[in-house]
Amino acid sequence: MNSSLDLLDLELLNQSGSPFCLLDMGYSQIFNTCLLEVAIILLLTVLIISGNLVVIFVFHCAPLLHHHTTSAFIQTMAYADLLVGVSCLIPSLSLLHHLKGLDEELTCKVFGYMVSVLKSVSMASLACVSVDRYMAITRPLSYATLVTPCRIRVCILLIWLYSALVFLPSFFGWGKPGYHGDVVEWCAMEWGTKPLFTSFIVALLYVPAAMTVCFTYANIFRICRQHTKEISERRARFSPQESSLGQDGQPQHAPACTDKRYAMVLFRITSVFYLLWLPYILYFLLESAGIYRHPVASFLTTWLAISNSFCNCLIYSLTNSAFRKGLKRLCSFCVQRVDSKNPFGPGPGHGQGPVCTRSTCHV
C-alpha cells in the first residue's frame with residue numbers, strides 16, 4: 001500500500017511540471033534537476049572510471065601481477081567495471097535533461113541490459129577465479145597442463161557470451177532484469193519485474209556463482225589450514241635450523257602459505273562484492289514477488305551494488321603488495337614524464353624513472 005502511494009506521489013510530481021526524481025529530497029528548482037541523485041551518480045561514475053583505469057594501467061606495468069593466471073580474470077573484471085562507469089553516464093545525462101530526444105523505453109532497456117551483463121561478467125569472473133585457485137591448491141602438479149592461456153581466453157569469451165544471453169530476454173517482454181535504469185521515468189513506472197524472469201536469472205546466475213564461490217573457498221581454507229598444521233608438526237619434530245632450510249641451504253617457504261595469502265586477497269574481493277550486492281538481490285526478489293516496492297530502496301540498493309565497481313580498486317591497493325609496487329612505478333613514470341616536460345629540468349632528488357613498454361615497466 002505504501003509503495004503504491006509512493007509511486008502515485010511520483011506521478012503527481014511529474015504532472016506538476018517537476019522532473020522525475022526517485023528520491024524525495026534533493027530537487028533544485030534553480031537547476032530544475034534532482035541534485036542529490038545527480039551528485040551520487042556522477043561521484044560514482046568518476047570514481048569507477050578513474051579507479052579502473054588505474055587498475056588497468058598498473059596491470060600493464062607490473063609484471064609480478066601476471067605470475068598468477070587469475071590476473072586475466074581480474075583484468076576482465078576491471079574492463080567490465082570500467083564499462084559500467086562509462087554506461088553510468090546515461091542516467092547522469094538523463095537527469096541533466098540531455099537525453100530528451102531519445103526514446104525512454106529503448107534507452108532504459110539498453111542501459112539496464114548493459115549494466116546487468118557487465119555485472120554478470122564480474123560475478124562469473126569471481127566464480128572462475130575461485131575455481132582457478134581451488135585447482136591450483138588441490139592439483140598443483142597437473143595445474144599447468146589443465147589451466148593454459150588458451151583455455152583461459154576461451155573461458156573469458158564464454159563468460160561474456162553467457163552473460164549476454166542470460167539477460168537477452170529482457171528485450172522480448174520477459175521483464176526487467178534489474179533496477180539500473182529507474183532514474184528514467186519509463187523504467188520506474190511502466191517496466192516491471194516478473195517472477196518467472198527473476199527466477200530465471202537467479203537460477204542461471206546468482207545461485208550457481210554463489211555456490212561455486214562458497215564451495216571452493218571453504219575447501220581452499222580447509223586445505224591451507226591442514227597444510228599449516230602439517231608444517232607446524234614437522235617443525236616440532238625437527239630442529240628449527242633443519243626445518244627452515246631447504247636442501248640447498250636457502251630458506252624454505254611453504255607454497256601453501258603463499259597460496260593462502262593470495263586466496264585471502266581474492267576472498268576479500270569476493271566477500272565485498274556479495275555484501276554490496278546482497279541488498280540489491282533481496283530487494284529484486286521482494287519486488288518481483290509483489291511483497292515490497294519502494295523507489296528510494298530501488299535507487300539506494302542499485303547504486304550500492306554498482307559502487308562495487310570501485311571497491312575492487314581499493315581492495316587491491318590495500319592488500320596486494322605487487323599491485324602497490326606497480327602503482328608506485330606508474331606514479332614514478334608519470335612524475336618522470338612531468339619532469340621531462342619541465343623547461344627547468346627535473347627537481348633535485350629525482351632519479352631515472354621507469355621505462356615502459358607495451359606490457360612491462362622497468363626501473
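Let's start where helix α3 and helix α7 (residues 149-166) meet: their axes come within 10 Å and cross at roughly 30°. Here axes are lines fitted to C-alpha atoms, for helices over the stretch in contact, and angles run from 0 to 180 degrees between N-to-C directions. The crossing angle makes α3 roughly parallel to α7, a label for angles under 35 degrees, while those over 145 count as roughly antiparallel, 65 to 115 as roughly perpendicular and the rest as oblique. The helices themselves are DSSP runs (H or I, at least four residues), numbered from the N terminus.

Before going on, note that this is a predicted model, in which local features need pLDDT of at least 70 and side-chain atom pairs count only at pLDDT 80 or more, while totals for chains, interfaces and linings use all residues. Residues are numbered from 1 along each chain as its sequence is written, and side-chain values use heavy atoms, with hydrogens and water left out.

Which residues of α3 and α7 make the contact? On the α3 side they are A72, F73, T76, A80 and L83, and on the α7 side I152, C155, I156, I159 and W160, where contact means heavy atoms within 4.5 Å. These divide into nine nonpolar, one polar and no charged; Ala, Val, Leu, Ile, Met, Phe, Trp, Tyr, Cys and Pro count as nonpolar, Asp, Glu, Lys and Arg as charged, and the others, Gly among them, as polar.

Helix α3 (residues 70-87) also has helix α2 (residues 35-61) as a partner, with axes that come within 8 Å and cross at roughly 150°. The two are therefore roughly antiparallel to each other. Residues of α2 including I48, L53 and F59 meet residues of α3, among them I74, Y79 and L82. The residues of this contact divide into 11 nonpolar, six polar and one charged.

Now find helix α9 (residues 195-237). Its 43 residues reach 61 Å from first C-alpha to last, close to the 63 Å expected at 1.5 Å a residue, a span worked out as 1.5 Å times one less than the number of residues. Look for a kink of about 40° centred on V202; the bend at a residue is the angle between axes fitted to the seven residues ending there and the seven starting there.

Finally, helix α5 (residues 104-138) packs with α9 at an angle of about 25°, their axes 9 Å apart. That makes α5 roughly parallel to α9. Their contact includes M123 and Y134 of α5 and Y206 and F215 of α9.
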